[in-house]
Amino acid sequence: MARRIALAAQGFADPRPEVPTRRHLKRVLSRVQLIQLDSVNVVARAHYSPLFARLGAYDQSLIDEAAWSHSARKPRLLVEYWAHEASLVPVEDWPLLHSGAKRPGWWRHYAKIVEHSPGLAEDILAVVKELGPIGAGGIEREVVGESKRTPGPWWDRSEVKKVCEWLFGMGRLTTGTRRGFERLYDLPERVLPPESLTRRVDAADGARQLIARAASALGVATETDLRDYYRLGPEVSHQAVAELVEAGVLEQVRVRTWRAPAYRHADAKVPRKITGRALLCPFDPLIWERARTERLFGFRYRIEIYVPEPKRVHGYYVFPFLLDGELVARVDLKADREAGLLRVPGAFAEPGVDVPRVADELAGELRLMAGWLGLDGVAIGARGDLAPALARQAG
């Protein structure tokens, strides 16, 4: 039951639309609450893949417009900030993330540079105000280079980048747009609606609202799961969970195979069954917390990007394959854009699965992904016990 609740909460009980639109994007965002960003582009950028898993082959401009452009007809839906990790979050959640509920991130160490050189932050803000959206390199040239228009110290280039990140973490800069994957900084008042900037939320209320959002996205979860979703501190999370239980937003429940107490969101649905299939990137919110993935699915999963190649078990960039509510296989994937192929160096079945059916469904999803990525076909490699059956189906 816990697995079905979790899958429904993450949007896997919703049917894929024939033609995904902005309305369907909003529906997914209402389920997952946030989308993680990551620079790895072995298959597709991390923020594109969770939407493919839930919507199928959608136009990537849907999320590009929602996150990095704005018009009267299509107002910006998302803004970047440190949530789980670097993430896209709804613009209305900006006050929650700046309420004091979250502890300052790694960028807090750069405050020492600002204390020692207070003029540097002001120089950066002045450049962004005049020229933004602008990348860190452009800011460096203006602040450090000989073309600097106002007298003042010539700051070190690495310090400029660090203070940009500090200003971003403090909410004094945000991402106006992106060029490729390069962040172009801008002032929040030129990116966010006024109500997101003027609304004030105290730390305790911010924590309650973030934990409630995490519970909505997870369906049923331990306190550790809930706090991890937005990377809150344990003391903040414990208090927020207790208050939400008292308010009836969360219900404490017991999941038979879990050691820790669990909490179910009051609005969580329990579908009779989950059908359909999906390829899950390593940064998908359904599986990014590996201990929870193992508890829910009996599926031990580790990302092996940083593992030396001879020691990798399954491959460099492995996608688990979800089929009818179970994780039944995993595939190592690579988009070979030069050759026009979605390469599958390795494919591995989970114990006890119906291999012919898994291979058939997986081949269909790989063909769908290849078309979505603008690739001409799928090439199956030799590694893994699922590879021979998958090659027959994909061929």
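**Notes on rings, a helix and confidence**

1. The charged end of Arg16 sits over the ring of Phe52, 5.9 Å from its centre. This is a predicted model. A second case is Arg330, whose charged end lies over the ring of Phe299 at 3.9 Å from the centre.

2. The model has ten aromatic pairs. In one of them, Phe52 and Trp372 are stacked, because their ring centres are 4.6 Å apart and their planes are at 15 degrees. This pair links distant parts of the chain, with Phe52 in helix H3 and Trp372 in helix H15, 320 residues apart. Phe52 counts as buried at 0% relative accessibility, and Trp372 counts as buried at 11%. Ring pairs link Phe52, Tyr58 and Trp372 into a cluster.

3. Helix H7 covers residues 118-131. Its 14 residues should span 20 Å at 1.5 Å a residue, and the end C-alpha atoms are 21 Å apart, which agrees. Leu120, Ala121, Ile124, Leu125, Val127 and Val128 of H7 are buried. These residues cover an arc of only 160 degrees around the axis, so they lie on the same side of H7. Residues three or four places apart in an α-helix point the same way, because there are 3.6 residues a turn. The face of H7 turned away from the buried side carries the exposed residues Pro118, Lys129 and Glu130.

4. On confidence, the mean pLDDT of the protein is 93, and 96% of its residues reach 70 or more. Over residues 146-156, pLDDT stays under 50. For that stretch the model has 20 contacts beyond four places in sequence.

Terms used: Residues are numbered from 1 along each chain as its sequence is written. This is a predicted model: local features need pLDDT of at least 70, side-chain atom pairs count only at pLDDT 80 or more; totals for chains, interfaces and linings use all residues. Side-chain values use heavy atoms; hydrogens and water are left out. Helices (H or I, at least four residues) and strands (E, at least two) are DSSP runs, numbered from the N terminus. The expected span of a helix is 1.5 Å times one less than its number of residues. Buried means under 20% relative accessible area, exposed over 50%, partly exposed in between (1.4 Å probe, protein chains only). The arc is that of the directions from the helix axis to the C-beta atoms. pLDDT is the predictor's confidence in each residue, from 0 to 100. Contact means heavy atoms within 4.5 Å. Rings of Phe, Tyr and Trp (its six-membered ring) pair if their centres lie within 6.5 Å; planes under 30 degrees apart count as stacked, over 60 as edge-to-face and the rest as tilted. A charge sits over a ring if NZ of Lys or CZ of Arg is within 6 Å of the ring centre and within 35 degrees of the ring normal.
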